[in-house]
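Open the model in your viewer and keep the selection tool at hand. This tour moves from one stop to the next.

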Amino acid sequence: MAEHPSGRENSRIVTSGVADDDPRLAFIYQEAVRGLTQQQILVENMSTRAGSLVFATAFANSLLGGAALADGLGLWDWIAVALLFGIGGLIVFMLWPYHQYTFRFDPEELLDQYVDGDRPSTMSAMRRALALRIKADMAGNWRIIQRLRVALQIALLFLLLDILAWLLAIAGA
């Protein structure tokens with residue numbers, strides 16, 4: 001006599017034949033969430049660095065600019081002012097809240113897709129689908145993060161050139 005699994009046991013099997021409580025999928029999902037969390041921390045860190053850049057730029061320009069402009073406007077003064085505006089533009093780009101990061105899921109969408117639909121998903125199926133979605137979200141976030149990283153690097157270079165221009169203006173070169 002062949003035994004048929006009960007309805008309860010049947011619902012615990014994912015279409016691929018992997019048990020619903022597969023620890024491998026739980027681990028992969030956990031790692032995906034950890035990666036997304038680290039990415040969010042990186043974005044917050046870059047915003048903090050941009051804020052520090054605002055302070056450093058203001059400090060350097062107020063200290064050196066006042067001394068350089070005491071004897072009028074020269075070529076190096078204009079270069080320093082142009083670099084200051086460049087730094088300001090890059091800082092605005094980094095801090096402006098229009099970037100479309102994806103760090104979390106919409107609960108209503110999750111309910112519709114995995115719980116309230118025609119065929120509710122198992123935990124393993126959910127973890128698999130969400131891990132793949134996190135991977136796609138991380139790729140989209142990474143494109144934004146790379147642009148911000150380049151903007152921060154350029155702004156730091158501009159700050160160094162700005163300081164150099166003010167020093168050359170003070171030296172009267």
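**Stop one: a salt bridge at Arg-24**

Select Arg-24: this residue is exposed, with 54% relative accessibility. Keep in mind that the model is predicted. Asp-22 and Arg-24 form a salt bridge, and their closest N and O atoms are 2.8 Å apart. Is Asp-22 buried or exposed? Asp-22 is buried, at 7% relative accessible area.

**Stop two: around Ser-124**

Stay with Asp-22 and select its backbone nitrogen. A polar atom of the Ser-124 side chain lies 3.4 Å from that nitrogen. Ser-124 belongs to helix 5, which covers residues 123-171. Its relative accessible area is 1%, so Ser-124 counts as buried, the cut-off being under 20%.

Next, pick Asp-21. Look for it in the loop between helix 1 (7-11) and helix 2 (23-68). Asp-21 is partly exposed, at 48% relative accessible area.

**Stop three: along helix 2**

Select Glu-31 and Arg-34. They form a salt bridge, with the closest N and O atoms 2.8 Å apart. Why do they sit about one helical turn apart? Because Glu-31 and Arg-34 are three residues apart in helix 2. Glu-31 is partly exposed at 31% relative accessible area. Arg-34 is partly exposed too, at 45%.

**Stop four: from helix 4 to helix 5**

Now select Arg-133 and Glu-109. Their side chains meet in a salt bridge, 3.1 Å from N to O. Arg-133 lies in helix 5 and Glu-109 in helix 4, so this pair ties together parts that are 24 residues apart in sequence. Arg-133 is partly exposed, with 23% relative accessibility. Glu-109 is partly exposed as well, at 33%.

How many salt bridges does the structure hold? There are three.

**Stop five: a negative patch**

Select Asp-106, Glu-108, Asp-112 and Asp-116 together. They form a negative surface patch. One of them, Glu-108, is found in helix 4, residues 107-115. Glu-108 is exposed, at 56% relative accessible area.

**Last stop: the whole chain**

Zoom out and switch to a cartoon view. The chain has five helices and zero strands. From the N terminus on, its elements run α-α-α-α-α. Then colour by burial. Of the 173 residues in the chain, 28% are buried.

Technical notes
Residues numbered from 1 in each chain as written. Predicted model: local features only at pLDDT ≥ 70, side-chain atom pairs only at ≥ 80, totals over all residues. Heavy atoms only, no water. Helix = DSSP H or I, 4+ residues; strand = E, 2+ residues; numbered from the N terminus. Buried < 20%, exposed > 50% of the residue type's maximum accessible area, 1.4 Å probe, protein only. Polar contact = N/O pair within 3.5 Å; in protein donor to acceptor, adjacent residues only side chain to side chain. Patch = residues over 30% accessible without salt bridge, like charges linked within 9 Å, V, L, I, M, F, W, Y side chains within 5 Å. Areas by Shrake-Rupley, 256 points an atom, 1.4 Å probe, with all protein chains shown as cover. Salt bridge = Lys/Arg side-chain N within 4 Å of Asp/Glu carboxyl O. Lys, Arg positive; Asp, Glu negative; His and termini not counted. Charge placed at Lys NZ, Arg CZ, Asp CG, Glu CD.
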